[in-house]
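Subject: Structure handover

Hello,

Here is the structure we talked about. Please look it over, then read the notes below.

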Amino acid sequence: MKETMLAYTYLSEGLFALREKPVPHLIDDRDAVVRVTLASVCTSDLHIKHGHVPRAVPGVTVGHELVGIVEEVGKGVKTLRPGERVAVNVETFCGECFFCRRGFVNNCTDKDGGWALGCRIDGGLAEYVRVPHADQGLTPIPDNVSDRQALFVGDLLSTGYWAAKIGEIEKGDTVLLLGAGPTGLCILQCVRLKEPARIVVCEKDAERRRFVREHYPYAETIAPDEAASYIRGICPTGGADKVIEAAGTDDTFRLAWQLARPNAVVTVVAMYDAPQVLPLPDMYGKNLTFKTGGVDGCDCEEIMRLLAANKLDTQPLITHTFPLAEIETAFDLFENRRDGVIKVAIEP
Ligand SMILES: [Zn+2]
Ligand SMILES: [Zn+2]
């Protein structure tokens with residue numbers, strides 16, 4: 001193993017840079033060191049860059065969406081061996097605390113629990129990464145699943161799977177999904193596994209609506225300004241049975257509850273720049289159930305199984321691929337949404 005490596009580093013608010021750092025080593029018996037073979041850039045990385053994640057530590061290597069090969073494992077690691085291909089979970093978690101035992105791994109109370117990787121501890125936009133609680137946070141990749149297929153298991157697909165699960169999607173439902181960005185596209189596929197009758201995707205960007213029609217033609221696509229008349233036209237009950245909001249604007253937050261039928265479940269997955277207002281008098285008697293859910297990466301094994309069975313396919317989301325040395329270009333493209341970018345893959 002080499003001694004130094006390149007690592008994309010959060011230096012200060014507004015500033016990321018590629019830096020030479022020592023290759024990480026095991027610290028705890030439950031750690032693994034993973035050689036990164038493919039990584040990605042996530043909107044949460046942008047949130048760190050712009051100072052919206054106060055717990056992010058300056059100097060930390062960013063990146064929390066990646067796959068790789070186990071390089072070494074601590075004595076306490078039971079399920080993994082060096083040489084195994086793995087997907088890395090965005091969340092590191094102990095598997096033993098109150099929340100972990102109930103599947104709420106995002107809320108793990110361990111010191112490294114929850115979203116630590118690429119935020120509070122060094123992450124995966126680098127050649128190597130140390131992963132605490134490796135037995136919990138690494139999911140083996142079957143031989144018939146490629147790195148590009150498995151890239152989003154630990155973060156985006158975990159978000160999509162969690163949203164479809166807490167959204168209580170049932171067979172025969174009409175589901176309204178707001179937002180067809182990377183998260184929305186993963187939610188869409190996970191929602192479909194629940195066999196709803198219709199999935200209507202509301203997205204303001206015409207190019208992204210076209211992308212949905214091309215790759216996931218089972219969904220209907222609409223623009224926000226036509227959403228109300230369209231949903232009321234197809235739903236005799238006055239609104240969608242289930243709504244998932246993944247767009248994160250004031251307008252889509254309002255549409256989410258306005259276009260839900262009485263007694264619907266409205267699941268809010270989006271991250272907002274500002275607080276949102278729930279005008280309760282306007283929805284009095286509508287008896288809505290609201291749920292909120294960021295990613296909870298408790299179902300990675302099941303997601304991997306679905307990928308291996310070709311029930312999920314997120315490869316179309318990888319619209320661009322760059323070597324780690326060109327991460328600045330990749331980041332700029334992703335941040336400024338140039339060239340029809342959905343997700344960028346980074347090869348260390
Ligand atoms: Zn992320
Ligand atoms: Zn825990």
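Helices (H or I, at least four residues) and strands (E, at least two) are DSSP runs, numbered from the N terminus. The model is predicted: local features need pLDDT of at least 70, side-chain atom pairs count only at pLDDT 80 or more, and totals for chains, interfaces and linings use all residues. Residues are numbered from 1 along each chain as its sequence is written, while chains are lettered from A and ligands numbered from 1 in the order in which they are written.

Start with Arg 85. It sits in strand β5 (residues 85-88). Arg 85 counts as buried because 20 other C-beta atoms lie within 10 Å; the cut-off is 20 or more, with C-beta atoms placed from the backbone. Beyond its neighbours within four places in sequence, Arg 85 is in contact with Val 67, Ile 69, Pro 140 and Ile 141 (contact: C-beta atoms, placed from the backbone, within 7 Å).

Next, the domains. The assignment, automatic or from a database, gives domain 1 (4-155 + 296-347) and domain 2 (159-292). Their centres, over C-alpha atoms, are 28 Å apart. At the interface, 13 residues of domain 1 are in contact with eleven of domain 2.

Now a sheet. Six strands form an open, parallel sheet in the order β10-β9-β8-β11-β12-β13. Strands pair if DSSP finds at least two bridges between them. The edge strands are β10 (220-222) and β13 (289-292). Five bridges join β8 (residues 174-178) to β9 (residues 198-202). One bridge partner pair is Leu 178 and Cys 202, the latter in β9.

Best regards

Key:
Buried ≥ 20, exposed ≤ 12 C-beta atoms within 10 Å, placed from the backbone. Contact = placed C-beta atoms within 7 Å.
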